[in-house]
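The exercises below are meant to be worked through with the model open beside the text. Try each task before turning to its solution.

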Amino acid sequence: LKIWGLIFIAPWIIGFLVFTFVPMVTSLVLSFTDYDLLNPNEINFTGLSNYNRLFTDPQVASATSATLRFAVIALPVGIIVPILMAALLTSKRLWGRRLFTTLFYMPYMVPVVSAVFIWQGFLNEQSGWLNRFLGTIGIQGPNWINSVEWIYPAIVIIGIWGLGNYMLTTIAGMQGIPTELYEAARVDGAGAFTIFRNITLPMISPVIFYNLILSVIGIFRFFEIPYILGRGQGQPGGATMFYNVYLYKTAFTYQDMGYGSTLAWALFVVAMIVTGTLFVTSRRWVYYSGERN
């Protein structure tokens with residue numbers, strides 16, 4: 001039985017070793033070298049020089065700042081909007097809930113590249129539908145894509161379009177709340193907002209925590225949208241030169257694979273620290289019904 005179990009999971013183990021573990025170890029080794037893709041035979045061990053360069057590179061500071069500025073806007077939106085959407089779609093007063101659930105989820109299935117091109121047209125300053133709509137109510141629409149001030153809201157709008165997966169998990173969490181809790185609260189005279197704050201939110205806190213972890217990891221691996229919108233050059237004004245975009249350009253455009261590996265491992269370590277911190281602090285605000293206080 002053990003042998004058959006190993007046989008069944010062998011494809012996953014082989015895939016993990018070949019496509020994940022070995023590349024990770026290789027990149028760790030390369031981070032201590034000056035490996036250049038154009039000159040693979042001229043590789044030298046450089047010790048910690050790449051890591052010293054990491055802390056003095058102004059481009060790293062700029063890319064990190066751009067990523068953090070975006071995260072400050074995107075993370076709250078990415079958590080709050082799915083909760084509001086789920087609350088709406090679980091309301092018994094809403095007609096056609098299944099239809100709206102399907103419609104809200106469908107954009108999640110659209111490939112990222114295609115979605116970005118669609119939104120580039122939608123957010124176009126001159127011919128975009130959003131600015132045309134704003135114009136009909138007397139508002140001059142901004143230059144969403146080519147403005148440093150508006151590029152982050154534009155990216156957040158694109159991201160909201162694809163929050164269907166988070167919405168579904170939140171709906172599942174809300175549907176799993178015992179109805180007896182709501183009935184008892186209504187008998188005691190609690191209003192809708194009080195019920196939502198004191199019952200719904202605590203009961204779905206594990207789902208919120210799950211979505212938060214995925215959102216944080218998504219920020220750390222955020223690449224496609226800023227790369228396409230900024231044409232790989234960080235336009236406008238370096239606002240879309242996110243950390244992952246700079247990492248990609250360093251490793252595959254400038255062919256500096258040694259320093260690119262250093263950037264990747266620094267990102268991995270920071271992501272692990274942030275994720276671990278969230279797990280530690282979650283004990284204070286995440287409620288699991290099976291736990292005893």
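**Exercise 1.** In this predicted model, find how many salt bridges a search of the whole structure gives, and which side chains meet in a salt bridge.

*Solution.* The search of the whole structure finds one salt bridge. The side chains that meet are those of arginine 53 and aspartate 256, with 3.0 Å from N to O, and this pair qualifies because the cut-off for a salt bridge is within 4 Å. Arginine 53 belongs to helix α2 (residues 49-56), whereas aspartate 256 sits in the loop between α13 (243-253) and α14 (257-281), so that the pair, 203 residues apart, links distant parts of the chain.

**Exercise 2.** Decide whether arginine 53 and serine 205 are buried, partly exposed or exposed.

*Solution.* Buried means under 20% relative accessible area and exposed means over 50%, with partly exposed in between. Arginine 53 has a relative accessibility of 37%, and therefore counts as partly exposed. Serine 205 has 3%, and therefore counts as buried.

**Exercise 3.** Describe helix α11 and what surrounds its buried residues.

*Solution.* Begin with the span: α11 (residues 205-220) has 16 residues and reaches 22 Å from its first C-alpha to its last, close to the 22 Å expected at 1.5 Å a residue. Next, list buried residues of this helix, among them Ser205, Phe209, Leu212, Val216 and Phe220. The cover over the buried residues of α11 includes α3 (58-89), α8 (164-175), α10 (192-203), α13 and α14. Finally, serine 205, which lies in α11, is in contact with Trp285, Val286 and Tyr287, when its neighbours within four places in sequence are left aside.

Conventions
Residues numbered from 1 in each chain as written. Predicted model: local features only at pLDDT ≥ 70, side-chain atom pairs only at ≥ 80, totals over all residues. Heavy atoms only, no water. Helix = DSSP H or I, 4+ residues; strand = E, 2+ residues; numbered from the N terminus. Buried < 20%, exposed > 50% of the residue type's maximum accessible area, 1.4 Å probe, protein only. Expected span 1.5 Å × (residues − 1). Contact = heavy atoms within 4.5 Å.
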